[in-house]
Amino acid sequence: MTDTVVLTGITKRYGRRTALDRLDLTLGAGVTGILGPNGAGKTTLLRCLATTLAPDSGTIRALGLDPADRADRTELRRRLGYLPQDPGCYPHFTAFDLVDYVAILKDLTDRAERHREVRRVLADVGLTDRATTRVRKLSGGMRQRLALAQALLADPDLLILDEPTVGLDPEQRMRFRRLVSRVGEDRTVVLSTHQTEDVAALCERVVVVSGGRVVFDGTPFALAAAAEGHVWSTAERPAGGQYWRGADGRYRVLGDRPAGGESAEPTVEDGYLLRLAEPVPA
Ligand SMILES: Nc1ncnc2c1ncn2[C@@H]1O[C@H](COP(=O)(O)OP(=O)(O)OP(=O)(O)O)[C@@H](O)[C@H]1O
């Protein structure tokens, strides 16, 4: 399988703050989840990929195109779908008009065909009956689905989603997983999230970013497996370390074995939290 995206040595600074630090990453077909704490650089990374931000140094190749080149950048923008973290919808547009506007920007010039495509993506996210509702009258979750609809226009070869499941109810989250996994069957999807359940359920690959660097790159299974032998369950409140009390009244402990601790099955979240507790490589 050839790589659709190759990022090499990407650095991005905002003033003196380094958001991305010589980051290398390749992506192929399938769904890749980017996990990382607040401020890790996930949004900056996705913006560089979506061509809304240029890195200070390093190179990007996406779909064989170079976003630093003007003609390539235009071509790439036509072929990618992007759901930004803060879509900032036009409040007075109707749902239909907003998606139609993005479709025009994407150069879908045939009006009848474009309108068919707008109706298709609105149906995909379950907003057909809200097509004529103004954006300001939609709920937060509906706006998020509208933002996803515009990203799905024209079957993008590269789909970039920044925290796409924020505000979705469980039914809509299921619909989202179905939609995205379908795109990932033969195209490249990259999404950032704080929801480790979404990563476990949807992503065949997970990349953990911390301090602007990649600190883990593998399957969700491998991330969880890395926590093997470091996750415990105990009836007694532990003396220290990372722990919380579960619904069963027992304490789940990450790290060293507490007194009376029994080994527990690690999850992707356990693997992620333990990976973050390790230092970022220099
Ligand atoms: N426009 C900006 N101006 C100055 N600093 C910025 C700007 N955008 C991001 N940063 C800083 O760059 C770093 C990376 O931010 P980024 O938004 O990429 O992180 P993130 O992983 O997406 O975080 P979150 O999970 O909170 O959304 C942070 O330290 C942030 O404060």
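How do α3 and α5 lie to each other, roughly parallel or roughly antiparallel? I took this up at the start of my notes, keeping in mind that the model is predicted.

**Entry on the two helices.** I looked up the axes of helix α3 (residues 95-105) and helix α5 (residues 140-151), which come within 9 Å and cross at roughly 30 degrees. Since angles under 35 degrees count as roughly parallel, I wrote down that α3 and α5 are therefore roughly parallel to each other. I also noted that the crossing of α3 and α5 is right-handed. Going through the residues where they meet, I found A95, L98, V99 and V102 on the side of α3, and L146, A149 and Q150 on the side of α5. I sorted the residues of this contact into six nonpolar and one polar, with no charged residue.

**Entry on the sheet.** I then followed an open sheet of six strands, whose order is β5-β6-β7-β3-β8-β9 and whose pairing is mixed. At its edges I found β5 (80-83) and β9 (213-218), each of which has a single partner strand, so one side of each is left without a neighbour in the sheet. On average, and with direction ignored, neighbouring strands of this sheet are turned by 15 degrees against each other. I looked up how β5 is joined to strand β6 (residues 158-162), and found four bridges, with the two strands running parallel. For Y82, I noted that the bridge partner in β6 is I160.

**Entry on helices against the sheet.** I saw that α5 packs on the sheet, where it touches β5 and β6, and that its direction makes about 165 degrees with that of β5. Lastly I looked at helix α9 (residues 268-277), which lies across β3 (30-35), β8 (205-210) and β9, and runs at about 30 degrees to β8.

How values were computed: Residues are numbered from 1 along each chain as its sequence is written. This is a predicted model: local features need pLDDT of at least 70, side-chain atom pairs count only at pLDDT 80 or more; totals for chains, interfaces and linings use all residues. Axes are lines fitted to C-alpha atoms, for helices over the stretch in contact, and angles run from 0 to 180 degrees between N-to-C directions. Angles under 35 degrees count as roughly parallel, over 145 as roughly antiparallel, 65 to 115 as roughly perpendicular and the rest as oblique. A crossing is left-handed if the near helix is turned anticlockwise from the far one by less than a right angle, and right-handed if clockwise. Two residues are in contact if their C-beta atoms, placed from the backbone, lie within 7 Å. Ala, Val, Leu, Ile, Met, Phe, Trp, Tyr, Cys and Pro count as nonpolar, Asp, Glu, Lys and Arg as charged, and the others, Gly among them, as polar. Two strands pair if DSSP finds at least two bridges between them.
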